[in-house]
Amino acid sequence: MEREDRRDQAIAAVAACYKGFDPEAYLKYNYTPPRADFHRSDSMVWKLNCLHKAFSEDGIKGELLVDVGSGPTLYQVLSACENFNRVVMSDFLEVNRNELNRWLKERQSNFDWTPYLKHVCELERRSSSAWQEKAKRLRSVVTDVFPVNVHQAYPFPAGSLPASGADCLLSCFCLESVSPDVSSFTQALKNLGSLLLSGGHLLLIGALGESFYQAAPDVRIPVVPLDEAQVCASLSVSGFQLLQLSVYHLPPDMRLGVDDTEGVFFAKAKKL
Ligand code: SAM
């Protein structure tokens with residue numbers, strides 16, 4: 001079998017695992033306590049802080065931000081939504097796009113993002129009631145939730161994004177959890193580059209040393225285990241200049257069995 005065919009088969013095998021992805025279970029495993037406990041400085045607080053700094057202190061802003069592989073989550077765009085006139089979210093699965101639209105458009109989501117909204121308002125030194133303004137802002141700037149496939153040379157539906165590209169791309173825990181190996185992860189990064197203006201920023205959050213995560217009680221999704229050097233090398237060969245790489249090591253009590261993540265990286269890069 002040709003190398004390309006083997007690669008396509010391996011990607012299709014990962015995609016098949018996503019048929020069992022349950023947004024409700026995924027949110028419960030990763031976005032409720034103990035994983036998301038705002039009273040302690042764990043990985044959720046660390047991630048929100050990295051994003052807050054990128055948008056508030058480093059001043060990343062512009063017309064359009066695109067979040068790739070959003071899943072059913074909104075935490076990743078809570079800081080960004082203040083700095084862009086338009087935010088586009090996206091996911092491979094319709095169930096996740098529906099979950100996002102339930103919160104954004106229909107106000108019928110069962111998941112409560114209020115503690116996240118409040119925490120990010122605190123980081124922005126805004127009053128405790130400002131979270132409602134942030135929720136309103138988010139609902140007004142997120143214009144679309146598109147289908148996406150990072151394994152395609154141009155991952156979005158034709159004509160869905162401006163041809164000039166986005167000012168900023170954000171992607172959290174997506175590329176490593178949809179790629180069977182490091183070379184497909186790198187190719188997916190190259191594909192993301194096609195969505196970004198030259199000089200635009202890429203903010204990438206991902207898992208280190210992870211080989212699987214639980215996406216429903218009986219669904220385990222394989223993940224390509226990455227180390228910091230591989231993340232840096234993949235960004236470099238994909239046409240990005242690395243500006244910052246920060247790492248959070250997961251404490252033993254956060255190893256809950258819903259994945260085997262050892263750490264989390266935050267990379268800030270610029271398209272050359
Ligand atoms: N960004 C969210 C977060 O931070 O929790 C979700 C991350 S979840 C681990 C991985 C996401 O990638 C899922 O929502 C899944 O539907 C999506 N996905 C699966 N295959 C994909 C593909 N080929 N292209 C883009 N996204 C994909």
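These notebook entries record what I looked up in one predicted model.

**Ground rules**

I number residues from 1 along each chain as its sequence is written, and I use heavy atoms for side-chain values, with hydrogens and water left out. I take helices (H or I, at least four residues) and strands (E, at least two) as DSSP runs numbered from the N terminus.

**Entry 1: helix 5 and its two partners**

I began with helix 5 (residues 114-123) and helix 6 (residues 131-141), whose axes lie 9 Å apart and pack at an angle of about 105°. The axes are lines fitted to C-alpha atoms, for helices over the stretch in contact, and the angles run from 0 to 180 degrees between N-to-C directions. Helix 5 and helix 6 are therefore roughly perpendicular to each other. I then listed the contact (heavy atoms within 4.5 Å). Helix 5 supplies T114, L117, K118, V120 and C121, and helix 6 supplies W131, K134 and A135. By class, I find 5 nonpolar, 1 polar and 2 charged residues in the contact of helix 5 with helix 6. Here Ala, Val, Leu, Ile, Met, Phe, Trp, Tyr, Cys and Pro count as nonpolar, Asp, Glu, Lys and Arg as charged, and the others, Gly among them, as polar.

I next turned to helix 3 (residues 43-57), whose axis comes within 11 Å of that of helix 5 and crosses it at roughly 50°. Helix 3 and helix 5 are therefore oblique to each other. I noted their crossing as right-handed; the term applies if the near helix is turned clockwise from the far one by less than a right angle, and left-handed if anticlockwise. On the helix 3 side I see M44, V45, L48, N49 and H52, which meet Y116, H119, V120 and L123 of helix 5. The residues of this contact divide into 6 nonpolar, 3 polar and no charged.

**Entry 2: a residue of helix 3**

Is L51 buried or exposed? L51 lies in helix 3 and counts as buried because its relative accessibility is 2%. Buried stands for under 20% relative accessible area, exposed for over 50%, and partly exposed for values in between (1.4 Å probe, protein chains only). Leaving aside residues up to four places away in sequence, L51 touches Q76, S79, L170, L203, I205 and F266. I also noted that 6.5 Å separates the C-alpha atoms of L51 and S79, which are 28 residues apart along the chain.

**Entry 3: strands**

Strand 1 (residues 62-68) is mostly covered, with 5 of its 7 residues buried. I looked up its pairing, for which DSSP must find at least two bridges between two strands. Strand 1 pairs in the parallel sense with strand 2 (residues 84-91) over 4 bridges, and L64 has R86 as its bridge partner in strand 2. Strand 1 also pairs in the parallel sense with strand 4 (residues 166-172) over 4 bridges, where the partner of V66 is L169.

Strand 6 (residues 212-216) has 5 of its 5 residues buried. Its pairing with strand 7 (residues 219-222) is antiparallel, over 4 bridges. A hairpin joins strand 6 to strand 7 through 2 residues, and A216 stands opposite V219 in strand 7.

**Entry 4: backbone exceptions**

Most residues other than glycine have a negative phi, and most peptide bonds are trans. Where did I find a cis peptide bond? One joins P33 and P34, with omega about 5°; P34 sits in the loop between helix 2 (23-31) and helix 3.

R125, not a glycine, has a positive phi of about 55°. R125 is placed in the loop between helix 5 and helix 6 and counts as exposed because its relative accessibility is 79%. F173 likewise has a positive phi, near 55°. F173 lies in the loop between strand 4 and helix 7 (182-193), and at 17% relative accessibility F173 counts as buried.

Technical notes: Predicted model: local features only at pLDDT ≥ 70, side-chain atom pairs only at ≥ 80, totals over all residues. Parallel < 35°, antiparallel > 145°, perpendicular 65-115°, else oblique.
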